Amino acid sequence: MSHQERASVVAIVICLLLNGYVSVRLWQLYESGALSGENAPMVWAQSIAWVVPAAIVLTIVSNIGFAIASKGRKQKTNIDERDHLYRSRGMCVTLFVFALGFIGLLIGLATGWSVVISLTLLYASAALGDLLGQCVRLASYRIGY
Amino acid sequence: MAELRITNTIRRLRFENDEMTQQALADAVGCTRQTIAAIEKAKYSPSLELAVRIAMAFGQPLSEVFRFESDGTKIEISRDSHRDSAR
């Protein structure tokens, strides 16, 4: 498994862990009624805001962990045209799913959904887009073309 | 239009060049070993630039390294074949 493939696997695992936790947390808040009322967008944002820095820290920590685990083995981390192609392919999928979520947000707000539900839809599309993009990237490495 | 299949002789050329490793070829042409492996297995078609670099690494013309087949028939790439198809 190349460095780039491993990076995709790590990204998929981190994405599943973080977004799984966020989903559970948001559901708990929804059940407790914290996501309704005037302060709902603020509560929602506070429960989501930590995800991006957490993803960055987890990625760095996991990469350091892999580097320590593979100590002594020759690691090639350079990127070539195939990596760029597969990265672009994954990015296309990510942006497409995110764009669908953004359109969903607009439609939701236009038809009277609450701001929190609409923002959750946007967040879910970003998370799903990231996951699918990484899966497409990994599948491209595994299957080829 | 018939489907065009690209095959290559990289594996044979590597062995004919003092059993050159995939990593050595990758270093010579500026890509990763995994990309060379994918090209050899016909799982990835390289860019024209990389294809030329690979041919140059073996000191062979491009048509000697990469070959085109259509419906099981080998297609020769030459000035004459271009003229024939243009007619």
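The contact between the two chains takes 15 residues from chain B and 13 residues from chain A. Before I go on, please keep in mind that this is a predicted model. Together, chain B and chain A bury about 1,100 Å², and 45% of that lies on carbon and sulfur atoms. On the chain B side, three residues stand out: Gln34(B), Lys43(B) and Tyr44(B) supply 46% of the area that chain B buries against chain A, more than any other three residues. As for salt bridges across the interface of chain B and chain A, the rule finds zero.

Now to the helices inside chain A. Take helix 4, residues 81–110, and helix 5, residues 115–143, both of chain A: their axes come within 8 Å and cross at roughly 160°. Angles over 145 degrees count as roughly antiparallel, so helix 4 of chain A and helix 5 of chain A are described that way. Their crossing is right-handed. The contact of these two helices has 16 nonpolar, ten polar and six charged residues.

Helix 5 of chain A has another partner to look at. Helix 2 of chain A, residues 40–48, has an axis that comes within 9 Å of the axis of helix 5 of chain A, and the two cross at roughly 25°. Helix 2 of chain A is therefore roughly parallel to helix 5 of chain A. This crossing, too, is right-handed.

Which residues meet there? From helix 2 of chain A they are Ala40(A), Pro41(A), Trp44(A) and Ile48(A). From helix 5 of chain A they are Val115(A), Val116(A), Leu119(A), Thr120(A) and Tyr123(A). By class, the residues of this contact divide into eight nonpolar, one polar and no charged.

Notes: Residues are numbered from 1 along each chain as its sequence is written. Chains are lettered from A and ligands numbered from 1 in the order in which they are written. This is a predicted model: local features need pLDDT of at least 70, side-chain atom pairs count only at pLDDT 80 or more; totals for chains, interfaces and linings use all residues. Side-chain values use heavy atoms; hydrogens and water are left out. Axes are lines fitted to C-alpha atoms, for helices over the stretch in contact, and angles run from 0 to 180 degrees between N-to-C directions. Helices (H or I, at least four residues) and strands (E, at least two) are DSSP runs, numbered from the N terminus. Angles under 35 degrees count as roughly parallel, over 145 as roughly antiparallel, 65 to 115 as roughly perpendicular and the rest as oblique. A crossing is left-handed if the near helix is turned anticlockwise from the far one by less than a right angle, and right-handed if clockwise. Ala, Val, Leu, Ile, Met, Phe, Trp, Tyr, Cys and Pro count as nonpolar, Asp, Glu, Lys and Arg as charged, and the others, Gly among them, as polar. Contact means heavy atoms within 4.5 Å. Buried area is the accessible area (1.4 Å probe) that two parts lose on being put together, summed over both. A salt bridge is a side-chain nitrogen of Lys or Arg within 4 Å of a carboxyl oxygen of Asp or Glu.
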